[in-house]
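Here's a quick tour of a few packing details. Have the model open as you read.

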Amino acid sequence: MSQQGYVATPPYSQSQPGIGLSPPHYGHYGDPSHAASPPGMMKPAGPLGAVAPAGMMPPGPPPPGTHQFGQNGAHASVHLPQRFPGPPPVNSVAQSYTPYPPSTQSSYPSPVSTSSTTQLGNQLSAMQINSYGSAMAPHGLGPPGPPPTAPFQGPQRPQQPSILQPGSQVLPPPPTALNGPGTSPLSPPTHRQDGPPGAAPPSAQYQPPSLPGQTLGTGYPPQQASYGPQMVGTQLTYPGGFPGGPAQMAGPPPPQKKLDPDAIPSPIQVIENDRAARGEQAYTTNTRGQVPPLVTTDCVIQDQGNASPRYIRCTTYCFPCTSDMAKQTQIPLAAVIKPFATIPSNEVPLYLVNHGESGPVRCNRCKAYMCPFMQFIEGGRRYQCGFCNCVNDVPPFYFQHLDHIGRRLDHYEKPELSLGSYEYVATLDYCRKNKPPNPPAFIFMIDVSYSNIKNGLVKLICEELKTLLEKLPKEEQEETSAIRVGFITYNKVLHFFNVKSNLAQPQMMVVTDVGEVFVPLLDGFLVNYQESQSVIHNLLDQIPEMFADSNENETVFAPVIQAGVEALKAADCPGKLFIFHSSLPTAEAPGKLKNRDDKKLINTDKEKLLFQPQTNVYDSLAKECVAHGCSVSLFLFPSQYVDMASLGLVPQLTGGTIYKYNNFQMHLDSQQFLNDLRYDIEKKIGFDAIMRVRTSTGFRATDFFGGIFMSNTTDVEMAAIDCDKAVTVEFKHDDKLSEDSGALIQCAVLYTTISGQRRLRIHNLGLNCSSQLSDLYKSCETDALINFFAKSAFKAVLHQPLKVIREILVNQTAHMLACYRKNCASPSAASQLILPDAMKVLPVYMNCLLKNCVLLSRPEIPTDERAYQRQLVMTMGVADSQLFFYPQLLPIHMMDIKSATFPAAVRCSESRLSEEGIFLLANGLNMFLWLGVSSPTELIQGIFNVPSFAHINTDMTLLPEVGSPYSEKLRMIMNIMQQKRPYSMKLTVVKQREQPEMVFRQFLVEDKGLYGGSSYVDFLCCVHKEICQLLN
């Protein structure tokens, strides 16, 4: 398949006769109260004339499972039966579709419509994808039948009249609540051997007949002109197009072929193409504004003057020169910065620069740090700042002569002159109270209420901590960790433990006044693990027994965090709290919460309250935590509503992580929890951090999203930042940018290491600037765009109605694509949807975001789950958000056990599943192994060590170690997928046609959502309609 684009086949665009699917909802995803007239479907009469009947909009293909276009060869034509009773569709759809008899007469009277209405209908009656540039018609696929005229060739020929061939007319869909009494007949899907029955015979080339009172439109006259260089882009038209309109290809009609089902842009294809072109090779960062490989492509990155894309990715690597251009395209200008990203072992770790007491060399005016963007002049005695253009004197200790091209002789010896990322040792000026910081402390805080004791959780935590405390993070050159540890248990009172090394037994001190928490002991609470090991082990053995007879079910929460902050304040060090909690804190105390899980608020303007904390106690607590460098990681074990929006606020704002294990069961969930706990303790982290993003003149950082706190407009304060947390930064113009100097970004993070050293981590990135819109579209990165849109939408959820947010997302998607169509694409029929090459999967990813449970107003989805996912996404980097919104689906039955490679991924749609297949799906939080009813016995035995499909126990969350090649290979694949992800993914085994399959199906994101939300095809039609309206 050509890299530039795709050629569409008709089944994706036409309404299928007899299938009463609703047209794609726009604005209201799954909102029953608007079913009668989906907004955006029926617009008031305006520039387009009268209202188009809703049926003009092609409702898209039959539901998933009817046409099985598999990427799996043999399984392509397997017909999957209806799964199980799910939520009923708008109209019940028959299981299989019988062919309609040939007919030239519509069974329903067609309404008389004005020509402008029909023109809109015609625009939408048809979809076909071509690519601009080198491949006008990849692989000779295209609409069958004689093309009337060629768009860009030869002198004009007279328009061909439309001819209706006998026997080729198709009945319109029957009337439904959504598509009105009857609709104009639409052109039929082109026939495929394994396509949906009911398609037209292959010979028929059909164009819509004229309706009563309508003259045939002539479409666009063939263009004959040179339009300059054509932009590479993906072009979608709805086949049929305008009667007599220009055809897509010149020359003789292509041979009748079985058309490719992958007619609309495929994320899988885009990922594979990038891997093929750029994978397994070196990517050097020596060129300003170059677009890096996708996050899904493995390559070795060599820093040669710009920060690695592991640290910074941008929504576009070419900024528009003016704010007017930025407004025109509506492409957000943003960077997703992951300052502590993990670097693979085959790449060079960051160099540490130490200028002693002089400290880093900085610009006098804007305070930017010395970097490759500084220009040395006057023989090396002065330098011009690349950010503010101020000319500074070079400090005497830093002087060096210049060579014949004006570069310092020590250019390659100094990381800060030749690399995009490096670290400085910070001087005392950069420390609190101008004195070196103390090493951080970890405090473990365990909820010992009745349920946690009963289910064995407390014992599990205490046993695991004995092992984990041996693995506290330490600097590479150090033998032992400098981190001190402390322990608190709590229910509705707090218990502090003295574990000083000279004690024979640990001592417990109880604080019952939870309103004014204080730390009852200073000496012996925070200790060095190595020194106090025996006392600590003694304590961990005693805790489960100490509370074994407790019947206390009520807990506090805010006072627990308060106690941790007070302890760190008293010890004058930053640190991290590990809180293990399981219920709504209902005991009398600050931060007490009540159950406010009110489904009646859903779909009202008050729905936003469900995402806001109940009380402002947690806001001020988060502020205090950040001020004292106290990060909070929360391990939650809820069995019912716990008000995630309130409990998760402090972890989210302090750079901590939230882990949630619903209905925790020891034998099923303990492994997932222990993996998360190990990872959270061992991962790379910086404490008490402040981040500043500086830019060159002409633009500035205006908005920040992430696990951050901001007390002013420029300083991003973080109690801690670890290797998985990203901060997304939006930029706006405050002047013109020049193509020569480009747009420069410097991100500086001041932080304390795990050994207590104060450091500065610097990342620099240079972007291009252009006054050509086409350059901007060529340099976009869809994965970063979706990260930005998700975070800005999830931030807006706190203040705006969800319906408004969804509409803004759809409008902005349409606007970005319409601007490209209008300004960058070659002229073509209005019935074409043309997508820029770098954005061709933007619609599918945007639809995945719109279907996320945070933006879906549905009572079936637990409020806590929506609040939890909102909090997770706010700190995600680009790789994590990409997998979260578009999961990876691997056909395990296709894996080659002799090779180390993965089986090629398939698209997330039910049509890709097959009864004879086994599929693994992962989205970074969940992992599913889906088993088709006719899965090969050999595989079943090799993976599960049971005789047949019926014997598989679906309760397992870990695969058995069978020792067979299939088992080894599958476990290897799962381990590799897990290694790169911040959360341990719990495995769920799902059998085809069994009830738990409902949960799995939510992740088949190209299909219609279980709880509302369009299919990818419907959404593409919806976006196309919006674009047409914008262009008209």
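Predicted model: local features only at pLDDT ≥ 70, side-chain atom pairs only at ≥ 80, totals over all residues.

## Two crossing helices

Which residues in α14 meet α18? They are D783, A784, I786, N787, A790 and F794, and on the α18 side the partners are V878, S881, Q882 and F885, with contact meaning heavy atoms within 4.5 Å.

Residues are numbered from 1 along each chain as its sequence is written, and side-chain values use heavy atoms, leaving out hydrogens and water.

Helix α14 (residues 782–796) packs on helix α18 (residues 878–885) at about 80°, with axes 9 Å apart. The two are therefore roughly perpendicular (that label covers 65 to 115 degrees).

## The cores

The largest nonpolar core has 197 residues, and F487, F673 and F944 have the most contacts inside it. Such a core is a set of buried Ala, Val, Leu, Ile, Met, Phe, Trp, Tyr and Cys residues joined through side-chain atoms within 4.5 Å; buried is under 20% relative accessible area with a 1.4 Å probe, protein chains only. Helix α15 (residues 802–823) gives the most to this core, with 10 residues.

Apart from it lies another core of 35 residues, including F319, I337, F340 and A689.

## Strand β7

Over on β7 (residues 334–337), A334 and V336 point one way, A335 and I337 the other, and all are buried. β7 runs antiparallel to β24 (residues 727–733), joined by 4 bridges (pairing takes at least two DSSP bridges). I337 has V727 as its bridge partner in β24.

Terms used:
Axes fitted to C-alpha atoms, helices over the stretch in contact; angles between N-to-C directions. Parallel < 35°, antiparallel > 145°, perpendicular 65-115°, else oblique. Buried < 20%, exposed > 50% of the residue type's maximum accessible area, 1.4 Å probe, protein only.
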